[in-house]
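Hi,

Here is the structure I promised to pass on to you. Have a look at it first, and then read on for what turned up.

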Amino acid sequence: MTGGPIAGLPYTGLATINGIAQTPRFSPDGERIAVLVTLDAGKESGATQPGVRLVGEIGEKNDEQRIAVFDVGGVTTNIKPVSPADRYVYEYDWTPDGKGFVATTALGNGDNNWWVATLDAIDATTGAVRNIARPKTQLDFPRISPDGKTVAYIGGLMSDFGPVGGDVWTVPFAGGAPVDVTAKQPVTFTSLAWVSGGLRASYLRGNAMGGAAIDPRGRVTPLIDIPDASLGAGDGRIAWAADGRTFATVTQRYDKAPAIHAGSPGAVRQLTHDNDGLTPSVSAQSISWKSDGYDVQGWLVGPRVTSTGKAPMIVTVHGGPSSATSPRFVGADSAEAALTARGYYLFYPNPRGSYGQGEAFTAANKRDFGGGDLRDILAGVDAVEKVAPIDDARLGLTGGSYGGFMAMWANTQTNRFKAIVAGAGLSNWISYYGTNGIDQWMIPFFGKSAYDDPEAYAKVSAITYIKKARTPTFIYVGERDIEVPPGQSIEYWHALKELGVPTTLMIYPDEGHGIRQPEHVADLKKRVFAWWAQYLGAK
């Protein structure tokens, strides 16, 4: 938080922090800034980042993300966190009087314990912590009412910190039992803001995203609703004016580049036109189908110009499983554009377990990983083949994290796919439980630990049925992945090699849960494209 001018605009450094700093927010009076800091950090914050080397006595030291506060006037060179040293703060909001915060926090390892985080009040001067509630769901976006009496948050079945989704809950700031004020709504709420005009939320509804007003009784009034598009990103998604009637957000589609839109209900206009000259690289459409009585949705992305004859298709399963694939502009230099230019179609299903249709749909794959959600995906492929020229003999399957599990699992359940690419996948839920750095995430989905209910974990493990695997599989993972350690990929690769199934495993050095270093990204793209070309026949 120090530095000099950028693009000719002077600014003044306010604080020097020896570590990581993120999520700065002004106090209500504008005279102080709060920020989440990790001093002398051993790694970047977040479980998806590369983990520290597991040498020496492990598990004895945790990076703690804490709230620090400093004055706007002057320069602070010795940041001293306010919140306790043994407590990891994930998200927070100033109280209206500026005397403290509402926050989601947990004791101990911050990477692992978000799934058991509590809703707490933290004094801005003393750092004293008072529990407000211990929800039975995961929670994020704590926001306090302008009168300081009520806290709202998003609560639901979430599998990662960051991809937020659930219902809107409220609880008295003084403490009490949380109330789900949007129970049974057929949408997933993704962010919150509490302005003087009332409570506002962004949401995902099937193929549409929007923003709504929520009154104390839970009545939801949509204020903006845009189909086939994504709204905003990160903290907020929609920026609301104090009156709660006007707003601004970034919108984008697969075939339309991001632009800032603003306005009020019924009067939204595009403010920026910097990207208007970008030519769409793909065609795209929302696909809906029925599966086991569920209404399921996904996205089909294809070439701008349809070639003659039938084309191969790659099915991509999102991570999570509590997440969803939403439209993101496909630039000319993207992997998606390169694939469609080679004649591939790309299918992104949002099966049960995904966001977008309410909490019951998100929870529909509990204790059923790879069951109903795989049936949804296969039914989705059938639906796509009715509307697009897809060659069923040239289908590929890929995904990362939970999507990597689905790719590994599907190889033992169906021979419909002719090539598979599995990134950071889970092959054996039993061994995974004892070796990953985030085992707390599994309890809400399985109900019990792998030690208390091993059968539930074994019956959804690809290794249990590995002798049924026939499909050539390319596997990749980061060397320092703590969410899904590379041992899971090694175990799967070893089994395929022994069974004579064509396979290759790449472990990228110093990478975490995702491949980010440019040279590794380039290498991975080259290898994946070659795998598809070899087994699906498109160049």
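Let me start with the lining of the largest cavity, whose residues divide into seven nonpolar, four polar and two charged. In total 13 residues line this cavity, and the space inside comes to about 80 Å³. Nearest its centre lie Gly-320, Ser-401, Tyr-432, Trp-441 and Glu-483. A search of the whole structure finds six cavities of 30 Å³ or more.

Before you go further, please keep in mind that this is a predicted model. The protein chain has an average pLDDT of 93, and 96% of the residues score at least 70. Residues 1-6 are a stretch to treat with care: pLDDT stays under 50 there, and the model gives them 16 contacts beyond four places in sequence. Where pLDDT is low, the predicted coordinates should not be read in detail.

Back to Gly-320, one of the residues nearest the centre of the largest cavity. The peptide bond that joins Gly-320 to Pro-321 is cis, with omega near 15°. Pro-321 sits in the loop that runs between β23 (311-317) and α1 (335-341).

Another backbone detail to look at is Asp-292, which has a positive phi of about 55° although it is not a glycine. You will find Asp-292 in the loop between β21 (282-291) and β22 (294-303).

Next, the second largest pocket. About 1000 Å³ of space lies in it. Its lining takes in 38 residues, and the closest to the centre are Gly-51, Val-52, Leu-54, Asn-109 and Ile-482. Which helix gives the most to this lining? That is α5 (residues 429-435), with three residues. By class, the lining of the second largest pocket holds eleven nonpolar, 14 polar and 13 charged residues.

Finally, a helix pair. How do α3 and α4 lie relative to each other, parallel or perpendicular? Helix α3 (residues 372-385) packs with helix α4 (residues 402-410) at an angle of about 80°, and their axes are 11 Å apart. The two helices are therefore roughly perpendicular. On the α3 side, Asp-373, Leu-374 and Ile-377 make the contact, while α4 brings Tyr-402, Met-406, Trp-409 and Ala-410. Sorted by class, this contact has six nonpolar residues, no polar ones and one charged.

Happy to talk any of this through once you have had a look.

Best wishes

Terms used:
Residues are numbered from 1 along each chain as its sequence is written. This is a predicted model: local features need pLDDT of at least 70, side-chain atom pairs count only at pLDDT 80 or more; totals for chains, interfaces and linings use all residues. Side-chain values use heavy atoms; hydrogens and water are left out. On a 1 Å grid over the protein atoms alone, a cavity is a set of points where a 1.4 Å probe fits but cannot get out, and a pocket is an open set with protein on both sides within 12 Å along at least five of seven lines; lining residues have an atom within 4 Å of a point. Grid points are joined across faces, edges and corners, and a volume is the space filled by probe spheres set on the points. Helices (H or I, at least four residues) and strands (E, at least two) are DSSP runs, numbered from the N terminus. Ala, Val, Leu, Ile, Met, Phe, Trp, Tyr, Cys and Pro count as nonpolar, Asp, Glu, Lys and Arg as charged, and the others, Gly among them, as polar. Axes are lines fitted to C-alpha atoms, for helices over the stretch in contact, and angles run from 0 to 180 degrees between N-to-C directions. Angles under 35 degrees count as roughly parallel, over 145 as roughly antiparallel, 65 to 115 as roughly perpendicular and the rest as oblique. Contact means heavy atoms within 4.5 Å. pLDDT is the predictor's confidence in each residue, from 0 to 100.
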